[in-house]
Amino acid sequence: MNVFKFGGSILNNSNDIDALCNIVASAQNHELVIVVSALGSSTRSFDAASLQARDGDFSGAVRAVESLREYIIALADSVLRSATSRQRFHAEDLRLFEIACSLLRGISITRQRTVRSGNAI
């Protein structure tokens with residue numbers, strides 16, 4: 001069994017993702033476990049957005065998430081080959097964006113950012 005964990009700096013652009021796919025493809029005759037974590041510095045970006053919300057800047061927090069979302073959508077569109085895959089991705093992305101905005105609104109209203117709410121975003 002091969003276990004691969006990818007995240008952070010290896011997932012910054014479409015070339016990096018293509019390289020990741022080549023690594024995984026080279027092990028296709030083995031049982032695989034693949035773990036993919038956050039793209040680039042997205043964890044820090046989401047954390048910063050939650051802190052903005054806690055400090056009362058809900059609009060700024062949403063703008064920060066929207067900016068990150070645009071980056072992720074552009075990256076996904078560059079690597080997803082089929083229109084169906086892109087449509088599914090966009091639908092799931094919108095669902096997750098709405099959840100993130102709801103969490104940011106709650107943090108902004110209560111002015112409390114817990115570890116749990118920060119991790120949820």
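Is Asp18 buried, partly exposed or exposed, and what is its relative accessible area? Asp18 is partly exposed, at a relative accessible area of 29%. The notes below place this residue in the context of the whole model, which is a predicted one.

1. Overall architecture. The protein contains five helices and two strands. Along the sequence these elements follow the order β-α-β-α-α-α-α. Taken along the principal axes, the C-alpha atoms occupy a box of roughly 50 × 30 × 20 Å.

2. Of the 121 residues in the protein, 29% are buried. Among contacts with a separation of 6 or more, 68% are between residues 24 or more positions apart. The accessible surface amounts to about 7,700 Å², and carbon and sulfur atoms contribute 53% of that area.

3. The Asp18 salt bridge. The model has five salt bridges. In one of them, the side chains of Asp18 and Arg81 meet with an N to O distance of 3.7 Å. Asp18 belongs to helix α1 (residues 14-25) and Arg81 to the loop between α3 and α4, so this pair ties together parts that are 63 residues apart in sequence. Whereas Asp18 is partly exposed, Arg81 is exposed, with a relative accessible area of 64%.

4. The Asp93 salt bridge. Asp93 pairs with Arg69, and their closest N and O atoms are 2.5 Å apart. This bridge also links distant parts of the chain, since Asp93 sits in helix α4 and Arg69 in helix α3, 24 residues apart. Asp93 has a relative accessibility of 11% and therefore counts as buried, the cut-off being under 20%. Arg69 is partly exposed, at 21%.

5. The Arg54 salt bridge. Arg54 and Asp55 form a further salt bridge, in which the closest N and O atoms lie 3.0 Å apart. Arg54 is partly exposed, with a relative accessible area of 32%. Asp55 reaches 54% relative accessibility and so counts as exposed, because the threshold for that class is over 50%.

6. The buried face of α2. Which residues of α2 are buried? They are Ser42, Ala49, Ser50 and Ala53. Viewed down the axis of α2, these buried residues fall within an arc of 100°, so they line one face of the helix. An α-helix has 3.6 residues a turn, so residues three or four places apart point the same way. The cover over the buried residues of α2 includes β2 (32-39), α3 (58-79) and α4 (83-110).

7. A nonpolar surface patch. Met1, Val3, Val33 and Val35 make up a nonpolar patch on the surface, and their accessible area together is about 370 Å². Met1 is located in the segment before β1 (2-8). With 62% relative accessibility, Met1 counts as exposed.

Definitions and conventions. Residues are numbered from 1 along each chain as its sequence is written. This is a predicted model: local features need pLDDT of at least 70, side-chain atom pairs count only at pLDDT 80 or more; totals for chains, interfaces and linings use all residues. Side-chain values use heavy atoms; hydrogens and water are left out. Buried means under 20% relative accessible area, exposed over 50%, partly exposed in between (1.4 Å probe, protein chains only). Helices (H or I, at least four residues) and strands (E, at least two) are DSSP runs, numbered from the N terminus. The arc is that of the directions from the helix axis to the C-beta atoms. Contact means heavy atoms within 4.5 Å. Patches are made of residues with over 30% relative accessible area and no salt bridge: like charges are joined within 9 Å, nonpolar side chains (Val, Leu, Ile, Met, Phe, Trp, Tyr) within 5 Å. Accessible areas come from the Shrake-Rupley method with a 1.4 Å probe; for residues, only the protein chains shown count as cover. A salt bridge is a side-chain nitrogen of Lys or Arg within 4 Å of a carboxyl oxygen of Asp or Glu.
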